[in-house]
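User: Hey, I've got a structure to look at for class. Can you help me find my way around?
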Amino acid sequence: MLTLYGVYRSRATRPLWLLLETGTPFTHVPVIQAYRLPDPAAADAPLHTASPDFLKVNPQGQIPAMQDGDLVLTESLAISLYLARRYGGALGPQDDAEAALMEQWALFAATSVETPALEIMQAPEGAMGEGIVKVASEKLRRPLARLNTHLSGRDWLVGDRFTVADINTAECLRYAQGQTALLAEFPDVDRWLKAAQARPAFQTLWARRVAEPA
Ligand SMILES: N[C@@H](CCC(=O)N[C@@H](CS)C(=O)NCC(=O)O)C(=O)O
């Protein structure tokens, strides 16, 4: 039995998008971040990242987490890569070279894209926030240029088809999407990101995320 822990307003979107693409049956346990609750210790608090029952699944107290039979996995990108390999069909690797490329793009997204993209999304209003966005945008330009070159003349990152590499990379970059002028500097990235997000599975994911309380 496959179980995915984590609300839609979290990095759980990465494996949830993949599961929506494949239609794989799974149990969704919408564990919420403890810091988002007014009183996580309240008797009627929903299952959250500091709940003793969830800490048995992920002692680090973070979402997403996944259980598939005896296998427990944390780290959103590792979960997506596993699900793609195990249940993803064409979304996953078809040979060792594709597996390596999918891992490469996940590591690229995690180490070169996610942090500056999050800095952009979390920047406060005002002059200080503008400074943060400027510095973070500068950090993103080199990975975005690399991504743009790779996507020039291509629709998707690996193997001429939509795969887990697109899901993982697009979800890390999404945090910076509010910077439309930055994205416009990289037209092939912009086109690719919009095409990924136009997919029915992403649209369903987004509708469910929006429907969750902020
Ligand atoms: N590198 C981890 C990061 C997990 C993470 O930071 N999750 C956030 C939600 S997006 C969380 O659980 N925050 C609650 C907390 O850290 O207490 C991953 O990609 O899965």
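User: Let's start with the ligand. How far is a polar side-chain atom of Glu75 from a nitrogen atom of the ligand?
Analyst: That distance is 2.7 Å. Keep in mind that this is a predicted model.

User: Which other residues are around the ligand?
Analyst: Besides Arg11, Glu75 and Ser76, the residues around the ligand are Ser10, Arg14, Gln33, Tyr35, Thr49, Gly61, Gln62, Ile63, Pro64.

User: You listed Ile63 and Pro64 around the ligand. Is the peptide bond between them cis or trans?
Analyst: The bond from Ile63 to Pro64 is cis, with omega near 0°. Most peptide bonds are trans. Pro64 belongs to the loop between helix H2 (52–57) and strand S3 (65–68).

User: New topic: how is the chain divided into domains?
Analyst: Domain 1 covers 2–90 plus 202–211, and domain 2 covers 92–199. Their C-alpha centres lie 22 Å apart.

User: How many residues are in contact across the two domains?
Analyst: There are 18 from domain 1 in contact with 24 from domain 2. The area buried between the domains is about 1,800 Å², and carbon and sulfur atoms give 59% of that.

User: What about polar contacts and salt bridges between the domains?
Analyst: The count is 13 residue pairs in polar contact, and there are 3 salt bridges between domain 1 and domain 2. As for Arg14, this residue forms a salt bridge with Glu114, with the closest N and O atoms 2.6 Å apart.

User: Which elements should I look at on the domain 1 side?
Analyst: Helix H1 (13–22), helix H3 (76–87) and helix H9 (200–211) each give two or more residues to the side that touches domain 2. The residues on that side of domain 1 divide into 8 nonpolar, 5 polar and 5 charged.

User: And how many salt bridges does the count come to altogether?
Analyst: It comes to 12 salt bridges. One of them pairs Glu114 with Arg11, where the closest N and O atoms are 3.0 Å apart.

User: Why does that pair tie together parts that are 103 residues apart in sequence?
Analyst: Because Glu114 lies in helix H4 (residues 96–122), while Arg11 is in the loop between strand S1 (2–5) and H1.

Note on methods. Residues numbered from 1 in each chain as written. Predicted model: local features only at pLDDT ≥ 70, side-chain atom pairs only at ≥ 80, totals over all residues. Heavy atoms only, no water. Domains from an automatic or database assignment. Contact = heavy atoms within 4.5 Å. Buried area = accessible area lost by both parts, 1.4 Å probe. Salt bridge = Lys/Arg side-chain N within 4 Å of Asp/Glu carboxyl O. Polar contact = N/O pair within 3.5 Å; in protein donor to acceptor, adjacent residues only side chain to side chain. Helix = DSSP H or I, 4+ residues; strand = E, 2+ residues; numbered from the N terminus. Nonpolar A, V, L, I, M, F, W, Y, C, P; charged D, E, K, R; others polar. Near = heavy atom within 4 Å.
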